[in-house]
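Here's a quick briefing to go with the chain you have on screen. Have a look at the structure, then read on for annotated sites and charged pairs.

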Amino acid sequence: MSVHPPGRRIVIGLGNEYRRDDGFGPLVVAALAERRGREPRLAAAELWVSDGDPARLLDLWAGADLVVLVDAVRGGDQPGRVYELVVDDVDRPAGGTASSHGISLGSTVALARALGRLPRRLVVLAVSGREFGFGVDLSPQVAALVEPVARRAGELVAGTGGDPRAA
Amino acid sequence: MTHRRDRTLEVRALARVEGEGAMHVRVRGGAVDDVRLEIYEPPRFFEAFLRGRRHTEPPDITARICGICPVAYQMSACAAIEDACGVPVDPAVAALRRLLYCGEWIESHTLHIYLLHAPDFLGYPSALHLAQDRRDLVERGLALKRAGNDVLELLGGRAIHPVNVRVGGFYRTPLPRELAPLRDTLRTALRLALDTVRWVAGFDFPEFHHDHEFLALSTPGRYAIESGSVVTTGGHGFSPRHFEEHVVEDQVPHSTALHARLAGRGSYLVGPAARYTLNRRWLSPLATQAATAAGLGPDCRNPYRSIVVRAVETVYAVEEALRIIDEYEPPARPYVDVPPRAGVGYGATEAPRGVLFHRYRLDPDGLITSARIVPPTSQNQAAIEQDLRRFVEARLDLDDEHLTHECEQAIRNYDPCISCATHFLDLTVDRA
């Protein structure tokens, strides 16, 4: 297992870009990668795309100072609504999410806690999606949120976004 | 306990990975009236998605069908396209493909064993609950899984949906010294894999046996993974080129997935138990020894014991990965050119959960005019339904909750993608 430097700040885009709105997380990461070229404050942030496999997530974020997970979720109040959650809020195994093999993000967080592998701070930026079928286009309401959510994720990992609990 | 003569178990699911599944069981007059495993398989749509694409694209596109076994899709796609174009790959490239595939077997099998299936045998509702009581066990599973992950990352460029695979080989092949660090990881993994076999061998396995025909690839001299001809326990043998003459798919009303059957013979099963039963003699001595010590005989016809077979195959995959690394000589070029030509190509490989068949028809410019993908899950669907019926018949005295749980465990015996669906499910009991 690789040894991670201290103070790691990571943005992880969860999803599959071939499943419509599920591609939101990877697209936010792509937008951040583009920003990173012109925003030095983002230079140290790690950017990853993940399918949500719990074991890989646990390895990816173990020992990190801050992890920002970006994901599209089924349900929610209305397509295109953004939720910002801190780790305690997602510490409930939940069904019906667009996650891998029935192990939801909440379960993964709980598993990480049981194994002592939670990052010091974990923030989830979730957007309520509408279409999870095959294809590469996001729903318009979700597509409109790629840049704003990338900006918010960038603020968080750059330390300029304030306390996420206060957001 | 309940002895209601009429009842319906309805288990519905939403899942995004390889399959979307639901379970429906109806009991009438004290007998099982109807059992349906309803699966909505993405690959059907991918076949249309592939039409009009270039012949170089299927490895990347089909890898997206499954986050757990993308390598299987890449390997079957490459084999089929190279077959269509009449281009064999360098043996060193073929060895690297096998190494990559070993990484996927290790990852996928370990995920299934530790996070999906073992909790059933130990009386835990999930891996989380197992971790709360036995952190050491889950840690061991995660460490073993990570070894497969490391192989994928090194060869595939990243752990999910590898980007280094291309038709004809790899974009870049590693230097021997780059593979060397994997040796230590895999040596440790071998110990963990052997521990895993001993652990799962001690589970309590319900008595259940089936007599389905098994189908798997076979490569004389070694356990089939990335290539081979098709063999069955019914004595049939044919090349992937003739797969569609022997395997027929039918539409059934309750599922968008097709039900596969062997022409003139009926349902059959692919997967670890099929591979083991047909290829046990090609396992390594250590894996064979582990299998024997775990109580596996010459064949495995109790689906509950598939978890033991997965553990044995994990031992084999770790050993095989070590062997390939030890013998590795980099190819002269990372890939061979695969110029397009008009034709049809066939490819079959052993995904962790069974044979995965691809067929592509190309036009002279290399554009795909038709594609066909037969994933293991849909091949197993009919046999699983038949087994489920027998599972239920033997457990009609259970109440709905217990019966549903037992059915879910039974489904998890076969395929982690379906178990995925069942983990999600809200249960609705429709009392007649």
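Which residues are linked in a network of salt bridges? They are R98(B), R222(B), E226(B), E320(B), R323(B) and E327(B). Keep in mind that this is a predicted model.

**Annotated binding site**

- An unreviewed UniProt entry carries a "binding site" annotation on E47(B), I373(B) and H423(B).
- You'll find E47(B) in helix α1 of chain B, which spans residues 43-50.
- E47(B) counts as buried because its relative accessibility is 12%, and the cut-off for buried is under 20%.
- Leaving aside residues up to four places away in sequence, E47(B) touches A371(B), R372(B) and I373(B). So two of the residues named in the annotation, E47(B) and I373(B), are in contact with each other.
- I373(B) sits in strand β14 of chain B, residues 368-374.
- With a relative accessibility of 0%, I373(B) is buried too.

- E320(B) and R98(B), both members of the network, form a salt bridge whose closest N and O atoms are 2.7 Å apart.
- That pair ties together distant parts of the chain: E320(B) is in helix α11 (residues 306-327) and R98(B) is in helix α4 (residues 91-122), 222 residues apart.
- Both partners, E320(B) and R98(B), are buried.
- E313(B) and R275(B) also meet through their side chains in a salt bridge, at 2.7 Å from N to O.
- Here again distant parts of the chain are linked, with E313(B) in helix α11 and R275(B) in helix α9 (residues 272-279), 38 residues apart.
- Both E313(B) and R275(B) are buried.

**A salt bridge within one helix**

- R198(B) pairs with D195(B) in a salt bridge, the closest N and O atoms being 2.8 Å apart.
- Both residues belong to helix α7 of chain B (residues 176-201), where they are three residues apart, about one turn of the helix.
- Is R198(B) buried or exposed? R198(B) counts as exposed because its relative accessibility is 58%, and exposed means over 50%.
- D195(B), at a relative accessible area of 21%, is partly exposed.

Key. Residues are numbered from 1 along each chain as its sequence is written. Chains are lettered from A and ligands numbered from 1 in the order in which they are written. This is a predicted model: local features need pLDDT of at least 70, side-chain atom pairs count only at pLDDT 80 or more; totals for chains, interfaces and linings use all residues. Side-chain values use heavy atoms; hydrogens and water are left out. UniProt positions are given in the numbering used here, feature names are shortened, and annotations may be inferred rather than shown by experiment. Helices (H or I, at least four residues) and strands (E, at least two) are DSSP runs, numbered from the N terminus. Buried means under 20% relative accessible area, exposed over 50%, partly exposed in between (1.4 Å probe, protein chains only). Contact means heavy atoms within 4.5 Å. A salt bridge is a side-chain nitrogen of Lys or Arg within 4 Å of a carboxyl oxygen of Asp or Glu.
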